[in-house]
Amino acid sequence: MDTSSRPPSLAGLRRTYEGQPLLESDMAPDPIIQFTVWFEEALAAGLPEPNAMVLATASAQGRPSARTVLLKGYDEHGFVFYTNYASRKGRDLAANPHASLLFPWHPIRRQVRVEGPVAMLTREESADYFHSRPYGSRIGAWASRQSEVVSSREELDVRYEELSDRWPEDPPVPDFWGGFRIVPFELEFWQGQLDRMHDRLRYRRVEAGWALERLAP
């Protein structure tokens with residue numbers, strides 16, 4: 001029997017997590033402040049692209065999908081990213097404006113999960129960010145009909161060259177492109193521990209502000 005195409009055994013692929021206990025008394029009263037503390041620690045640890053996050057959406061029929069996008073801003077109002085509105089995630093959010101984010105900071109044995117409703121940014125907010133992007137990224141936003149089937153790489157390259165010839169300096173903001181803000185209703189901070197007895201502390205929005213509660217691992 002040919003065994004060359006068998007998948008590798010995954011049962012033994014495991015790592016031992018060991019970190020400082022994550023205690024309720026160590027957490028900031030506001031989850032955005034706590035996120036800033038952890039984000040700065042991820043930066044200090046030298047993690048590549050600590051602003052990379054898994055964005056999970058679902059269609060109107062409940063069909064889920066996930067992909068990695070980049071966090072481009074956050075504050076007390078929410079977490080911001082940008083995309084083509086006609087992409088799959090854009091269509092999902094138009095039909096079902098709720099999403100989840102996951103920051104997988106594996107090298108420091110941490111994760112942060114965010115859930116909440118989603119709202120589009122204003123055109124002014126999106127334009128401000130668009131004009132701050134490198135020229136190539138701005139042309140790329142025009143060139144890619146994101147999530148559509150294309151015949152070849154050449155088709156993409158030809159369209160990119162055509163658009164860079166059309167706008168050699170300052171392409172306008174596409175009307176099909178812009179930002180979304182995820183307004184957090186829940187944020188979970190996960191710290192890996194020995195024997196899979198991980199720490200999970202969740203902030204949940206309540207009328208008076210935020211409730212902090214521990215979840216079983």
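**View 1. The lining of the largest cavity divides into 3 nonpolar, no polar and 3 charged residues.** Here Ala, Val, Leu, Ile, Met, Phe, Trp, Tyr, Cys and Pro count as nonpolar, Asp, Glu, Lys and Arg as charged, and the others, Gly among them, as polar. The model is predicted, with local features needing pLDDT of at least 70 and side-chain atom pairs counting only at pLDDT 80 or more, whereas totals for chains, interfaces and linings use all residues. Residues are numbered from 1 along each chain as its sequence is written, and side-chain values use heavy atoms, with hydrogens and water left out. The lining consists of Ala 143, Arg 145, Val 150, Glu 155, Leu 156 and Arg 159, and its largest share, 3 residues, comes from helix 5. The volume of this cavity is about 50 Å³ (a cavity is a set of points on a 1 Å grid over the protein atoms alone where a 1.4 Å probe fits but cannot get out, and lining residues have an atom within 4 Å of a point; points are joined across faces, edges and corners, and a volume is the space filled by probe spheres set on them).

**View 2. Helix 5 (residues 153-166) is shown with its N-terminal cap.** Ser 152 provides the cap, placing a side-chain oxygen 3.3 Å from the backbone nitrogen of Glu 154.

**View 3. The largest pocket has a volume of about 370 Å³.** A pocket is an open set of points with protein on both sides within 12 Å along at least five of seven lines. Of its 17 lining residues, Tyr 82, Thr 83, Arg 133, Gln 146 and Trp 177 are the closest to its centre. Strand 4 gives the largest share of the lining, 4 residues, and by class the lining has 7 nonpolar, 7 polar and 3 charged residues.

**View 4. The largest nonpolar core has 30 residues.** Such a core joins buried Ala, Val, Leu, Ile, Met, Phe, Trp, Tyr and Cys residues through side-chain atoms within 4.5 Å, buried meaning under 20% relative accessible area with a 1.4 Å probe and protein chains only. Phe 35, Phe 79, Phe 103, Trp 105 and Phe 189 touch the most other members, while helix 1 supplies the largest share, 5 residues. Apart from this core lies another of 12 residues, including Tyr 82 and Ala 143.

Conventions
Buried means under 20% relative accessible area, exposed over 50%, partly exposed in between (1.4 Å probe, protein chains only). Helices (H or I, at least four residues) and strands (E, at least two) are DSSP runs, numbered from the N terminus. A polar contact is a pair of N or O atoms within 3.5 Å; within protein, one must be able to donate a hydrogen and the other to accept it, and residues adjacent in sequence count only if both atoms are side-chain atoms.
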